[in-house]
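The entries follow the order in which I looked things up.

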Amino acid sequence: MVTILVDIISLVLIAVVVLVVIGIAAAVIGIYNRFFSLKNSAEATVGQVKVAMKKRLDMIEQLLGAVKSYAAFEKETLTGVTAMRARIGSAGPGDLNELERESRSVLGRLLAVAENYPDLKTSQTVQELMGAIKGIEDEIARHRYTYNNIAQQYNTMTDTIPSNLVAGVMGFTKLEYLEFGEEIERVPTISF
């Protein structure tokens, strides 16, 4: 009788240990999958930011074409916009922060040129392009907000228990935030 009781207790203990191990394994797998879900969402959102920034640069280039007839805009501005567009494809979050500053600077100078030429401000083409650029600015802001929220969730997981244990074992590191400056609110310097 005692041996049967010991056998039952042993089986129950083994079952409890197996269930605990299965529970821990399921939790680790869930945490691991959450990390990759957030990482993939972040990468997709960075891709959306890149597409929106390319659209913005395309519109700036079109706006340059419209402005060119009113002001002798430097050739290097157009060359710079083309170079920025080419860099977007391989840019990471840190690079996007720099590209954001550069493109906002160009856009600020363009807006200043439009302010200095009343005929240009009333041009239908320029007005439509300015409206489209504003829409792209809003789109970039939404994507940046989404990316930073995803990065915050991911980074919180790398800092908090028990997910930080999984992050440490798997070598997951924090995501970099998109910290675009609000350069457009500063008065641009115009040099022709």
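**Aromatic pairs and core**

I looked up Tyr32 in this predicted model and found it partly exposed, at a relative accessible area of 30%; buried is under 20%, exposed over 50% and partly exposed in between, with a 1.4 Å probe and protein chains only. Local features need pLDDT of at least 70 and side-chain atom pairs 80 or more, while totals for chains, interfaces and linings use all residues. Numbering runs from 1 along each chain as its sequence is written, and side-chain values use heavy atoms, without hydrogens or water.

I then checked the ring partners of Tyr32. Tyr32 and Phe172 form a tilted pair, 6.0 Å centre to centre with 35° between the planes (ring centres of Phe, Tyr or the six-membered ring of Trp within 6.5 Å; stacked under 30 degrees, edge-to-face over 60, tilted for the rest). Because Tyr32 lies in helix H1 and Phe172 in the segment after H6, this pair ties together parts 140 residues apart in sequence (helices are DSSP runs of H or I, at least four residues, numbered from the N terminus). Phe172 counts as buried, at 15% relative accessibility.

I noted that Tyr32 and Phe36 both lie in H1, four residues apart, about one turn of the helix. Phe36 is partly exposed, at 28%. One aromatic cluster is formed by Tyr32, Phe35, Phe36, Tyr154 and Phe172.

Finally, I examined Ile60. Beyond its neighbours within four places in sequence, Ile60 is in contact (heavy atoms within 4.5 Å) with residues including Val81, Leu107 and Ile133.

Key: Helices (H or I, at least four residues) and strands (E, at least two) are DSSP runs, numbered from the N terminus.
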